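Have the model open as you read.

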Amino acid sequence: GVNGGGLLAYHGDSTLFVDPASYSMLVIDPDGKVIRVIAAPRPQDAAALMGGARGGNAGFDARGRLVYSNHVNMVRTVARPGEDPVPPQAADSAPIVRFDLRTRKPDTAAFMKVQATKLVYVRTDAGMQISPVINPVQTVDDWDLLPDGTIAILRADYHVDFIDADGRRTSGPRIPFDWQRLTDSAKSALLDSARATSQRGRGGGRGGGAPAGATVAGRRAPAPVRVVAPSELPDYRPAFAAGAVHADPGGRLWVRTTSQDTTAHGPEYDVIDNTGKLVDRVAVQSGTTIIGFGAGGIVYLGVRDRAGVHLVRARAR
């Protein structure tokens with residue numbers, strides 16, 4: 001995107017440029033000229049049309065409706081008398097919305113489970129601070145649009161629900177997967193690692209962090225890092241994490257799983273067809289992520305190596 005905007009494929013060869021600053025969408029023709037301006041569905045949803053952490057995957061269905069999901073929905077709770085106040089919380093579910101640009105009417109196609117970090121108020125010498133409660137293993141759903149505009153939702157139990165433009169719903173079978181059980185000791189190790197990583201990222205250093213209200217590098221230290229109780233972690237490692245799903249031009253879903261290839265020591269991708277059946281498993285090198293597809297079986301990879309992060313074009317086998 002440019003200046004915080006994002007691009008969406010539109011009718012024919014035209015493109016939509018989403019401008020969250022003005023809550024508008026610019027229709028751009030193949031020559032790069034702006035031919036029309038359309039108001040975004042809702043101001044709070046404009047950022048969800050740009051991709052990335054706020055939902056991504058926006059596009060159009062077979063009826064020309066804009067389809068998107070805004071994962072950032074805040075829920076406010078009023079504390080009862082005598083109780084500590086509760087900061088606004090991110091909702092743990094998000095709607096997938098179909099929005100008709102002509103009638104300006106939205107409808108909710110489905111709901112999906114999304115990542116949500118709990119926030120709490122913590123009393124420190126510097127006053128009340130908002131602190132996250134870290135959960136390193138969240139069980140979520142994910143989704144993408146197939147090329148024909150069908151909504152494909154990958155559920156946490158590892159099957160795909162499909163919703164076409166006419167509202168017909170079908171479900172694929174459970175995908176075979178080697179589920180890894182999380183023992184009590186594995187859960188504790190994950191939480192210890194998450195706590196240490198978060199503390200270092202907030203300036204706590206290697207020693208577990210300074211006490212609340214202490215000074216770190218001339219600044220107030222953040223509130224101590226908190227993690228969820230081990231009982232709040234799932235008993236099995238999820239098959240995938242948020243942002244794992246990409247649809248290719250052939251209507252197949254590529255899912256970055258939590259499995260690792262033992263030879264390449266990199267992630268494995270499950271390839272699922274438009275009926276929800278597993279058709280292939282593909283391993284990529286460590287430090288490599290599939291970020292998109294082109295015509296003719298082209299796969300675009302984001303690669304992190306000694307040279308930094310760069311884009312590589314490859315051909316799917």
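His159 sits in the loop that links strand S14 (151–154) to strand S15 (160–163). Keep in mind that you're looking at a predicted model. Is His159 buried or exposed? Its relative accessible area is 14%, and the cut-off for buried is under 20%, so His159 counts as buried.

Now look at what the His159 side chain does. It makes a polar contact with the side chain of Asp157 at 2.6 Å, and another with the side chain of Asp161 at 2.8 Å. Leaving aside residues up to four places away in sequence, His159 also touches Ile153, Leu154, Ser171, Gly172, Pro173 and Arg174.

Leu154 takes us on to the largest nonpolar core, which has 17 residues. Leu154, Tyr158, Val160, Phe240, Leu253, Val255 and Ile272 are the ones touching the most other members. S14, S15, strand S20 (240–247) and strand S21 (253–260) each give two or more residues to this core, with S20 supplying the largest share, 4 residues.

Finally, turn to the surface. Tyr121, Met128 and Ile130 form a nonpolar patch there, with about 260 Å² of accessible area together. Met128 belongs to strand S12 (residues 127–134) and is partly exposed, at 40% relative accessibility.

Definitions and conventions. Residues are numbered from 1 along each chain as its sequence is written. This is a predicted model: local features need pLDDT of at least 70, side-chain atom pairs count only at pLDDT 80 or more; totals for chains, interfaces and linings use all residues. Side-chain values use heavy atoms; hydrogens and water are left out. Buried means under 20% relative accessible area, exposed over 50%, partly exposed in between (1.4 Å probe, protein chains only). A polar contact is a pair of N or O atoms within 3.5 Å; within protein, one must be able to donate a hydrogen and the other to accept it, and residues adjacent in sequence count only if both atoms are side-chain atoms. Contact means heavy atoms within 4.5 Å. Patches are made of residues with over 30% relative accessible area and no salt bridge: like charges are joined within 9 Å, nonpolar side chains (Val, Leu, Ile, Met, Phe, Trp, Tyr) within 5 Å. Accessible areas come from the Shrake-Rupley method with a 1.4 Å probe; for residues, only the protein chains shown count as cover. A salt bridge is a side-chain nitrogen of Lys or Arg within 4 Å of a carboxyl oxygen of Asp or Glu. A nonpolar core is a set of buried Ala, Val, Leu, Ile, Met, Phe, Trp, Tyr and Cys residues joined through side-chain atoms within 4.5 Å.
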